[in-house]
Amino acid sequence: MDDGVPLLTLVPEHGSPRPPEPVARHAPVGSRILSRILIEDVYPELDGGRYPVKRIVGEVLEVWVDLLRDGHDEIAAVLKYAADGEAWRETRFRHHDNDRWVARVPLDRIGRWRYTIEAWHDRFETWRRDVAAKLEAGQSVALELIEGRALIEAAIIVAAPADAALLQPLLTNITAAEPARRARMMLSNRLRAVMARSGERGDISRYPRALEVVVDRPEARFSAWYEMFARSQGRVPGKSATFRDCIARLPEIAAMGFDVVYLPPIHPIGRVNRKGADNSTTAKPGEPGSPYAIGAMEGGHRAVHPELGTLDDFSRFVAAAAGHGLEVALDFAIQCAPDHPWVREHPNWFRFRPDGSIRHAENPPKKYEDIVNVDFECADRVALWNELRDTVLFWIGQGVRIFRVDNPHTKPLPFWEWLIGEVKTRCPEAVFLSEAFTRPKMMRSLAKAGFSQSYTYFTWRNTKAELTDYLTELSQGWGKEYFRPNFFANTPDILPFYLQQSGRAGFRIRLVLAGTLSPAYGIYNGFELCENVAVPGREEYLHSEKYEYKVWDWDRPGHIKDDITILNRFRRDNPALAELSNLRFLVCADPNILAYMKASADGANTVIVVVNLDPHCSHRGTVMLPFADADFEEAFSGRTLKARGRALRVTLDPARQPALLLRLKHVAAR
């Protein structure tokens, strides 16, 4: 390979300082003495340290570990940690119970951090404990005081200059003091604190691995996405909209409270085998084709479709979005039209059939004649991988920091680990959303490889049992350390049967569930209009805008834009909804009423959401609360609701208000 470009199995190196060398667990006879301290059951540690866990900047990383030593001597330990480019720092572990210890580190910058554990026999603390016990029993400690002085003298030699400057006068005063006062001085908390930092670390044991944590900006976990086809934001039937038309839509999207406006591919669309309306294999004159057939004579993945405008027009769109408090997310779809410039310039990046024709994408029996896939294992893969990485960096240069990746599960996992690592080394703020509706273990593997967020099975979880089981898995299982869900209620490819059959009430129900169960959620445009016209018998939109220009009436009757606005305001006003692992389901006997609670870590913010899952009938029930005599403010109606005792009685009519968004105002007893 050329100049350090990775092979398929290479993991990106991030340049952090090396951890301390580990002590061998087993040593042959005659070698150095092994440490008698065991370091076990470290949490969090993902797959033996193979992958990093994930956190958000400003959070505290809690590391738990079992520390054991034979006998009765005291032990001490530190968590050693370092952000990229920084020297190792350390903080002390505190004993919790039953040989379980904990250390906490504030994560104050975005990037990749490392951490490991160092433990040792704490001779001074052992000495201090024994002397205190002997004094209490009235025994002589004359010899012990001599031993203690020796420990202090040894500490002065290895202590940091500031601590040595504290220890030397203490030692002088101790030496000059009367024996009774000398003992009190040597048992003082002041000396104890300095010796905890400076005392000799005997019988030291180091954890054999440096573990990692990726620290992302808050938007990697908490955000509301609005997806729209750029070409369908205009007002002229049969004609593409422009970026100027997209700019005109931004005030309304921002007013609804979204954080991210996400655009499917905006690149030139191939003409060879172009798809027609309703996914026809033959396009009629004037039909635009699928934007996922990327590339034509006008350019490829670094170009914009001329009908939308120029690259400068796109930059103006990004700037206008920022002016409304919105970030722009782009689709990163690694697939090409047969007339993509890469096919002509780099034919060795693709596969050809025995008859010399290029191999089109297919998932038998389905064929996608308008798309060809790159060969990630081709002989020229170094240039191919670099071109794909540099394409992402190109759009970062245009002000984009968020990428929704199309079908990542059909590309090599080592490629994603390399590409995301390379990009985030240069731009730690980058966020990658994995669009992989596939096998659960593959979805989790993509998250481990570096994806910041992931599509999920939420789209097909409708009943109380399905939602409870799935959200318990996501919020309480091991996946919470690395798998961040993004609950899209619909997509251009998926119009769920639930939405097809439930009318306006169903859209309101799914909106509340998506926006409050998960910190990140999204809708594809048309959801706010309750668009539910499907291909008969399939979870697909009829006359999909994937294959045609579309003009929407954004104010047509029956829309739920007010609901969306209230929900997004409720999300922003309640920090508890920015987290996932704080989700707790509440008991309600009615199988159609789902109730759950989220509370912020500091206890200052608590919300309860109650949803009628039945879009056709009213239901009433009693929600059992973990506290008594509470007052709530309800977001949709603005009313105050009261719970007497631990029972909150609710009646939910899907035609009027199928859900309650409750913020705790006052509670008499917890």
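## The largest pocket

In the lining of the largest pocket, β15 contributes the most, with five residues. The model is predicted. β14 (360-363) and β15 (366-372) are the elements that give two or more residues to this lining.

The largest pocket holds about 1,700 Å³ of space. Its lining has 44 residues. Nearest the centre lie N363, K366, Y368, N407 and D493. By class, the lining has 16 nonpolar, ten polar and 18 charged residues.

## The second largest pocket

Here the space is about 850 Å³. The lining counts 26 residues, and R55, E59, R221, E579 and S581 lie nearest the centre. β2 (53-56) and β3 (60-69) each supply at least two lining residues. The classes are 14 nonpolar, two polar and ten charged.

Strands of a sheet pair through backbone hydrogen bonds. In this model, eight strands form an open sheet with parallel pairing, in the order β18-β17-β16-β13-β12-β11-β20-β19. β18 (453-454) and β19 (486-488) are at the edges; each has a single partner strand, so one side of each lacks a neighbour in the sheet.

β19 runs parallel to β20 (residues 520-524), and three bridges join them. F488 stands opposite G522 in β20. Helix α10 (residues 413-426) lies across β13, β16 and β17, at about 155 degrees to β17.

## Two packed helices

Helix α1 (residues 123-136) packs against helix α5 (residues 189-198). The angle is about 155 degrees, and the axes are 9 Å apart. The two helices are therefore roughly antiparallel.

On the α1 side, F124, E125 and R128 make the contact; on the α5 side, N189, L191, R192 and M195 do. This contact has three nonpolar, one polar and three charged residues.

Key. Residues numbered from 1 in each chain as written. Predicted model: local features only at pLDDT ≥ 70, side-chain atom pairs only at ≥ 80, totals over all residues. Heavy atoms only, no water. Axes fitted to C-alpha atoms, helices over the stretch in contact; angles between N-to-C directions. Helix = DSSP H or I, 4+ residues; strand = E, 2+ residues; numbered from the N terminus. Parallel < 35°, antiparallel > 145°, perpendicular 65-115°, else oblique. Contact = heavy atoms within 4.5 Å. Nonpolar A, V, L, I, M, F, W, Y, C, P; charged D, E, K, R; others polar. Pairing = 2+ DSSP bridges. 1 Å grid on protein atoms, 1.4 Å probe; cavity = no way out; pocket = protein on both sides within 12 Å on 5 of 7 lines; lining within 4 Å. Points joined across faces, edges and corners; volume = space filled by probe spheres on them.
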